[in-house]
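Dear colleague,

Please find the structure we discussed placed below. My notes on it follow directly after.

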Amino acid sequence: MASTKSADTEGAKQAILDYCLRKGALAAGVADLEALERIAPPGHRPSDLMPKVKSVISLGVGGQTQGAWSVPAKAMGYFGSTETRAYTIAYGAAFFIEGMYQTPAIYCPPDMDNEKGPRVPLQSLKLHAEIAGIGARSLAGDILLHPEFGYMYYASIFTELALEPDQPMAENPCPAPSCVSMYRQIGRTPCQKFCPVQCLSGHIDADGKQAEMHYDMAACAEMSQQYEAVPALLAEAMAAEDAQGRDDILFDPDNKMLWYKMSVGSGGLLAQCFECMRVCPIATKSPLADPIRRSKAKAAT
Amino acid sequence: MARGLSRQQIGVTVAMIDSYGDLVFEMSHNKQTRRGDPIRELDFAAIEARRGELGMSDGQIAQRIGLSEIQVMYIRTTMERRRFRTNHFQRLLELGGGKRFRHERFTAHEDRFQYHDDAIALREAMTFNPERARYYAEQGWWADDTLSGWLARNVAERPAAPAVILDGVVMDYASLAARVDRLAGGLHGLGLGPGDVIAVQLPNVPDYLVGYLAIARLGAVMTTLYMPHRGREFATLLGHSRARAMICLSDAGGFPAAQTALDLDLEKLQSVIAIGTDVAKAVPGAVPFEDLAAGTASADALGLPLPVAADPFLLLYTSGTTASPKAVPHNSHTMLGNARLGAAEHQLSADDVILSAPPFGHLFALYSFHLALYSGAANLLLPAFTPPDLAATIEAGGATALFAAPAHMAACLGMGLFDKHDCSSLGLMVLSGSAVPDEMARAVDRKLPDCAINQLWGMTETQGALYCRPGDSIETAATSAGQPAPGVEARINDDGELQVRGSMLFPGYFDNPGANAAAFTKDGWFRSGDLASQDRQGNIAITGRIKDIINRGGVKYNPREIEDLLDKHPGIAQSAIVPMPDNVLGERACCFAVAIDPDIDLDGLCQYLLGHGIAKTKLPERLVLVAEMPLTPTRKIIKGRLFLP
Ligand code: SF4
Ligand code: SF4
């Protein structure tokens, strides 16, 4: 399929972004392909996935409902999973582009690179969103935050249609003023203080801006991504001294829960724990982070 | 394997993993450091300069350190696997409902409490027939009783009510609970915890109960030593119970209990906790009880987990204090369920003032304490029994319920103490520990006409298994031990042996398979070793001990009625008839006696017995006079310790 219509790129961009917003995205933008190509490591550049890509569109959907922040951590672990709604919109947007502009488009796969193994995504959706100006890296392990919508889930669309890129956000909303004052008092921000595996640390400079961010991703992943526990438990069971020890490892309640999750593909506790976001003022209190407030704002207009 | 290639094919060796593993891990995305905001600001120079810190792809790492990309991937994933902790997400579950994680308050799983092997062995001993266990739970006989739970209930319902009274000094429930909480915290500070056995040798003083409740609060197990126990018994019982600590006096009436325990140098005995004056100086090496009880780290403040009813919490010795000990473990199901059900049967309430004549080292006394704690009643204490002190304590303390052995009462009657003291506050007297002579029960009844005299039959293994109820006639109470307690079944087998089972029954002796084999019938009933008979109303009377049966050339008889007659003889204070081996007849009867009349002789006694209708074949054939009888804490004669001279 080749581009048969010389697109009005401005109009096309607007139409595509409008489509995304209409379908439920809170924010959408176009990332500068050039920047992505320079920053992403080889093998993970947009062009590695789609050789003739001209534009990368990023969109974000609301993370949690407001109620989610009030439930216990163990319940949150069950619906903190990656937001599939964003992918649905991206998938639809790819069809929309192809249908409207007869130009190839793909919904960018959000999954792991099966050549590089787990923990290595094919593409960094986070990088696309950041360059597209719909999120900025926070002190909470580089989770992207948006000053209006708080914390979102992102999805991307690649297309051979050339679109005018947006710019990254001018200001990083993280750290929020209250986080700065907490940092000044105790040397830590809320996300750093309350992360259950203490995988976050860093510094804020004299101007109240991010100076350093340290993130122990391995520890954060251990918290949630229990697929790694499966072979670990099997190995432990094989090394058990006796039948009782083996049974204890394979059939204890925690591990049986794990087999359950694996067998039915339940997402429970396979997402991040998001305790860092639970205490983040931007994630929970920025003007339109709260879906209840968002719907009220919508109703008012 | 990576991309389907083996380690040999990609040339990764263990040496390579060891050499580069940490480096690869640190350079990978597993550890990320970002300085400033270079990506968002599109500061490409800074991005390039700091790529290593931000976390690199396997290919980038490979280029930096000179490995192939696939080797890096293999090494990275190996390192991820090595570091992966499977229980990490448990931290999240610790948070519960909306709590915030606090690093300083979190204890990793591997650092948490673990029962040691001895504690696990004791818990293993708590094995019950599953069908029976289910039945007891269904009936509500086994529930969630714990001493800590009962104490907390009393604190909530009657904080200022008297809990413990000694010499007119009252400790209310709130103060008792506070002291228990602190002591439990102090014991925890010594490294003691759930499942640890803690021995106690104390007279019936308030701190006995404080210690007991604190041990129970910890989820630990109390084992008791009687006050007359000395180094030899210490060694056997502390050794067999694997006691980790002992609470005792520094000076037990001239006996240096704490020092004796320390001198034993038992490997498992970590702490000797002593009560006395200036303990630190008097017994170097002992921990002053008061330091622990006055400490600031209380069990509740430390958040120590509460015990549960299935946990063993008592380990009591019935015999074999110097060899082959028979240790009876109980958990709250067996022990406290029995007291809960018994409180209503004995008609006890929070208004009662309950006094135990036997020492708390004996289960009967603990039973009275359990009844009091369940009912919210006051425990009136008598540190050590003497007949005058008992009578004076009843009078001064206004005891409403007395738990005593027949010998205690016999002594009080003998000294005319019920005439000298006003014991009319007593509404209930529960007599147990040995057979209650009919005449004695009636005599007490005459002295205390408003007091129900109730026999109770029980053993350490069975607790209060049979008892009379307050409404029973003196006829019933003087001649029987009444009927089974709730949750108890009793039967008498063809040999006349009383056998019981029920929710109160211990599961089996700890670490004594030989004793267990002998103690239970094939169908799971406990052989009491007592002979019994049952009347038409179902009341059961204990008539003797199987072991006491004399088999004289095939003629078997129970010497109990002869002993009863001898005890009434004016020249005899106490008697016991035991079999002595005989080449011809197998056994003959030998009478041991404490004489009042020093000139008493065998012929005279035989004439007396013949005159009371005793058959010639049952007459004792030897008389041994002793200065005193070996007695149990409930003042029962220990026939096994009567040796022929
Ligand atoms: S998701 Fe959980 S483990 Fe990861 S950084 Fe946030 S709080 Fe820490
Ligand atoms: S809590 Fe949120 S705003 Fe505050 S420092 Fe952490 S990520 Fe930034």
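The space that ligand 2 takes up is the largest cavity. Please bear in mind throughout that this is a predicted model. Around ligand 2 there are 13 residues, and those that come nearest are A:Cys174, A:Cys179, A:Cys191, A:Cys280 and A:Ile282. By class, 11 residues of this shell are nonpolar and two are polar, while none is charged.

Ligand 1 also has its surroundings in chain A, with a shell that includes the cysteines A:Cys195, A:Cys199, A:Cys220, A:Cys273 and A:Cys276. A:Pro196, A:Val197, A:Leu200, A:Gln272, A:Phe274 and A:Glu275 also belong to the shell of ligand 1. The division by class here is nine nonpolar residues, one polar and one charged.

Turning to the domains, the assignment for chain A gives domain 1 as 4-159 and domain 2 as 226-269. The C-alpha centres of these two domains of chain A are 34 Å apart. For chain B the assignment gives domain 1 (7-83), domain 2 (129-141 + 332-546), domain 3 (145-308) and domain 4 (549-641). Between the C-alpha centres of domain 1 of chain B and domain 2 of chain B the separation is 76 Å.

The last topic is the interface of the two chains. Chain A brings 59 residues to the contact and chain B brings 45 residues. The size of an interface is often expressed as the accessible area lost when the parts come together. Between chain A and chain B the buried area is about 4,400 Å², and carbon and sulfur atoms give 58% of it. Five salt bridges are found by the rule across this interface. A:Asp216 pairs with B:Lys31 in a salt bridge whose closest N and O atoms are 2.8 Å apart.

With kind regards

Methods:
Residues numbered from 1 in each chain as written. Chains lettered and ligands numbered in written order. Predicted model: local features only at pLDDT ≥ 70, side-chain atom pairs only at ≥ 80, totals over all residues. Heavy atoms only, no water. Domains from an automatic or database assignment. Near = heavy atom within 4 Å. 1 Å grid on protein atoms, 1.4 Å probe; cavity = no way out; pocket = protein on both sides within 12 Å on 5 of 7 lines; lining within 4 Å. Sits in = over half its atoms within 2 Å of the grid points. Nonpolar A, V, L, I, M, F, W, Y, C, P; charged D, E, K, R; others polar. Contact = heavy atoms within 4.5 Å. Buried area = accessible area lost by both parts, 1.4 Å probe. Salt bridge = Lys/Arg side-chain N within 4 Å of Asp/Glu carboxyl O.
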